[in-house]
Structure formats: C-alpha cells, structure tokens
Amino acid sequence: MKHLRRNAALFFAGLMLSAAPIAAHAADKPTLAFVVNGASDFWKAAEAGVKKAQSEMPDYTMELKYPEQAAVAVQQRLMEDLVTAGVKGIMVSAVDPKTQTDGLNKIGSQTALFTTDSDAPKTNRVAYIGSSNVDAGMQAAEIAKKAMPNGGKCLGFVGLLGADNAKERIQGMKDGLKGTKIDLVDVRGDDIDQTRAKKNVEDALVASPDVTCMVGFYSYNTPRIYEALRDAGKLGQITVVGFDDDPITLGGVKEGTIAATVVQQPFEWAYQGMKLMASVLKGDKSGVPANGLIIIPTVIVGKDDVEKYAANLKAMAGK
C-alpha cells in the first residue's frame, strides 16, 4: 500500500506539473521549443537531438513539448502559451497543416516558426526540416514489391489521415505501386489512439480476410499491426511493411515477420533544426535554402541492417 500511495502521489504531482502554466523565460537566454504532434516513442530520438544541440549551445534553453492530445486546438494553445512565455523559436510537427494555416501564421508572426515531419508550406514558416514523405512512401512500395512479387492486396494504417505526412506517404506508395499487381485498397486512421490503432487491425482481419499485406504509416502503427497479427496467430502469413524504428518493429524485421521498415531521422531533424533556429535568430539565414526545404533522407532497414542500425540509435542517444 505504501508503494501504491507513493506512486499515486508521484502521478498526481506529475499531472499538476504538466497542467501548470508555462513559465516566462529569462530574456538573456533565448528559449527554443520543438513541439510534436502527439505522444509517441517516435519522438524519443528527437529528444536526444534537442539534448545534443543544447549541449553544444549552452547560451540557449531548448525544450521538447508534447501536447496533451493530438488535436489542432490543443497544439495551438500549447504554442500560444510558449509565445506568451517568451519563446523565440518554435519547430512544430503540425497535427493538421491544412486547417492550421491561420493559427500557424499567428505563431509565425510572433516568433521564428519552423516545421518538421509534416510541412505547412502555405504558412509563413521559415523552413521545413524533415523527410520527403513522398519518397518515403515510394520506398515502402519498394519493400512491398520485393516481398510480394506476385502481387497482393494491402491495407494501410495511420494516425492522422488529414496530415500532410500521411497523405504524402500514402500517395508516394500508390505511385510506387503503379504498374504492379499490388493494390493499396484503403487506409484507416486512429487519431494517434494506440488502442484504436490495434483495434483497426483486428477489425480488418475479420472484415477483410483476403488482405495479404498491411502497412503501418506512423511509427506506432507497425507495432500495433505486429501485436494484432501475433494475437490472431497470423504473423508471417501477412506481409507487413513498416515505417520508423520502434523496438517492436525492428524486432519484427530481425525475426522476418516484418518485411522491412522505412526509417526517418528525427534525431537529425531536432539537432539540425535547433541549431538552424539559433542561427536565424542571430540574423544568419545562410542555412535556409531558397525553397525553404531541408530534406533529411529516409532509408530502408531490412533484416541484414537491423543490428547495425540499432547500435547507431543507441550511440546517438548516448547509451
């Protein structure tokens, strides 16, 4: 009981801290913030990138912020609170860039605004630093073509159907599959709800027994696919195409139950992004290309690449 009371006390203390207003920052030490689109282990690598940039630039305060939920209004409120607190630069993975234009422009008029992961090119953002999601989708198509030379029927699963990163990955994969016998017939969203993400897969197994391939377009979607297939006794019977480097995904690739995964580099997004924001704030925009796009390439990690890739991840995180 003592342990339960202590854990409960820590839990509620954490809630009080997370709900507390964002404190104003000292004017002599500019603060830069990296704002993500929702809670996911995918962003742990970005946290490591922020920490590395911070270690090299002690004259700045650098933070990574999670919204309470993956909703436009919640993310916007978080950014507005950061601006009110005096944050000088924000890099954001917008929940839904199409509907956030006015809100993002408001932030961009008050602080240096950068985008990552999912771009908002119609806003006043300074630059986008992240993947080419179209290219990543085409790499997913390459995985599917290699794993299913005789064709197949694929279902996709993603967090935010309205986000540009989702739309571009889906379109990239469809473009990459043109002329083949592989068809991406549908993509189902879950609004970054882990329970719903797994249930979407479980429902699909019942409703679409002819599906031979599943694609996890967000970092947590592939692990939920893996778990649902494992629970249904169908691991190895359905081709799985992954995105990102969740430990479950990498484990599945290593054991051969996931064909391969397309990995991004959120560590580099954060590390390079924080340094670029600092340079821009100093008046140096030489690192911003004319088109405002800084593309960090995605790569395919297959069975033979997993151990080397995992070791590199640990090194970047300082483990």
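In this predicted model, six strands come together in an open sheet with mixed pairing. Read across the sheet, the strand order is β7-β6-β8-β9-β10-β12. The two edge positions belong to β7 (182–189) and β12 (299–301). Each of these has a single partner strand, so one side of each is left without a neighbour in the sheet. On average, neighbouring strands of this sheet are turned by 20° against each other, with direction ignored.

Strand β9, which covers residues 239–243, runs parallel to strand β10, which covers residues 260–263. Three bridges join β9 and β10. For a handy landmark when viewing the structure, V241 has A260 of β10 as its bridge partner.

Helices accompany the strands. Helix α9, made up of residues 247–255, packs on the sheet and touches β10 and β12. The direction of α9 makes about 140° with that of β10.

Seven aromatic pairs are found in a search of the whole structure. In one of them, the ring centres of F34 and W43 lie 5.7 Å apart; the planes stand at 65°, so this pair is edge-to-face. Both partners are shielded by the protein: F34 counts as buried because its relative accessibility is 0%, and W43 is likewise buried, with a relative accessible area of 1%.

W43 also pairs with F42. Here the ring centres are 4.9 Å apart and the planes meet at 75°, so this pair too is edge-to-face. With a relative accessible area of 10%, F42 falls under the 20% cut-off and is therefore buried. These residues belong to one aromatic cluster, formed by F34, F42, W43 and W269.

A further contact brings a charge together with an aromatic ring. The charged end of K52 sits over the ring of Y271, at 4.5 Å from the ring centre.

Definitions and conventions:
Residues are numbered from 1 along each chain as its sequence is written. This is a predicted model: local features need pLDDT of at least 70, side-chain atom pairs count only at pLDDT 80 or more; totals for chains, interfaces and linings use all residues. Side-chain values use heavy atoms; hydrogens and water are left out. Two strands pair if DSSP finds at least two bridges between them. Helices (H or I, at least four residues) and strands (E, at least two) are DSSP runs, numbered from the N terminus. Axes are lines fitted to C-alpha atoms, for helices over the stretch in contact, and angles run from 0 to 180 degrees between N-to-C directions. Contact means heavy atoms within 4.5 Å. Rings of Phe, Tyr and Trp (its six-membered ring) pair if their centres lie within 6.5 Å; planes under 30 degrees apart count as stacked, over 60 as edge-to-face and the rest as tilted. Buried means under 20% relative accessible area, exposed over 50%, partly exposed in between (1.4 Å probe, protein chains only). A charge sits over a ring if NZ of Lys or CZ of Arg is within 6 Å of the ring centre and within 35 degrees of the ring normal.
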